[in-house]
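Visitor: I have the sequence and the structure open, and I would like to know what stands behind the words used for them.
Guide: Then ask about the words one at a time.

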Amino acid sequence: LDPALSLQKLAQHLAITPHYVSQALNNNLQQNFFDYVNQCRVIHAKPLILAGEMTVIDIAYTAGFNARSSFYKAFKRETGQTPTEFRAKS
């Protein structure tokens with residue numbers, strides 16, 4: 001959920017190369033780093049959206065997104081709905 005998370009920072013934290021992290025994600029999850037991180041962030045955001053206690057932009061920042069537009073794009077990619085549609089249909 002760290003908005004400053006990068007492939008390089010994760011690899012450094014794990015003491016392995018960025019290439020190895022990328023290859024492991026691609027081979028095991030069939031996702032690149034960027035898509036995996038966004039998927040995790042959307043998973044974190046879903047119950048917050050359903051709770052209805054926070055604004056969508058606050059949820060986006062809490063989940064690690066730096067901008068409303070990137071949150072909406074990632075959320076729609078993962079769920080097929082905007083956060084507002086998801087909240088209304090659930």
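Visitor: Where is Lys9 found?
Guide: Lys9 is in helix α1, residues 7-14. Bear in mind that this is a predicted model.

Visitor: Why is Lys9 called partly exposed?
Guide: The relative accessible area of Lys9 is 45%. Buried means under 20% and exposed means over 50%, so Lys9, in between, is partly exposed.

Visitor: What makes the pair Ala4 and Lys9 a polar contact?
Guide: A polar atom of the Lys9 side chain lies 3.2 Å from the backbone oxygen of Ala4. The cut-off for such a pair of N or O atoms is within 3.5 Å, therefore the distance of 3.2 Å meets it.

Visitor: How far apart are Lys9 and Glu78?
Guide: In sequence they are 69 residues apart, and in space 24 Å, C-alpha to C-alpha.

Visitor: Why does Ala15 count as exposed?
Guide: Its relative accessibility is 70%, and exposed means over 50%, so Ala15 counts as exposed. Ala15 is in the loop between α1 and α2 (18-29). Ala15 also has a positive phi of about 60°, although it is not a glycine.

Visitor: What about Gln30: buried or exposed?
Guide: Exposed, because 61% relative accessibility is over the 50% cut-off. Gln30 belongs to the loop between α2 and α3 (33-51). Gln30, not a glycine either, has a positive phi of about 55°.

Visitor: Which residues touch the most other members of the largest nonpolar core?
Guide: Of its 13 residues, these are Val42, Ala45, Ile49, Ile59, Phe65, Phe71 and Phe75. At least two residues of this core come from each of α3, α4 (56-62) and α5 (68-79). The most come from α5, with 4 residues.

Visitor: What is Phe75 in contact with, leaving aside its neighbours within four places in sequence?
Guide: Its contacts are Val42, Lys46, Ile49, Gly80, Gln81, Thr82, Pro83 and Phe86. There is also a second, separate core of 6 residues, including Ala11, Val21, Leu25 and Val37.

Visitor: How much space lies in the largest pocket?
Guide: About 320 Å³. Of the 18 residues that line this pocket, Phe34, Asn38, Arg41, Phe65 and Ala74 are the closest to its centre.

Visitor: Which element gives the largest share of that lining?
Guide: The element is α3, with 7 residues.

Key:
Residues numbered from 1 in each chain as written. Predicted model: local features only at pLDDT ≥ 70, side-chain atom pairs only at ≥ 80, totals over all residues. Heavy atoms only, no water. Buried < 20%, exposed > 50% of the residue type's maximum accessible area, 1.4 Å probe, protein only. Polar contact = N/O pair within 3.5 Å; in protein donor to acceptor, adjacent residues only side chain to side chain. Core = buried A, V, L, I, M, F, W, Y, C linked by side-chain atoms within 4.5 Å. Contact = heavy atoms within 4.5 Å. 1 Å grid on protein atoms, 1.4 Å probe; cavity = no way out; pocket = protein on both sides within 12 Å on 5 of 7 lines; lining within 4 Å. Points joined across faces, edges and corners; volume = space filled by probe spheres on them.
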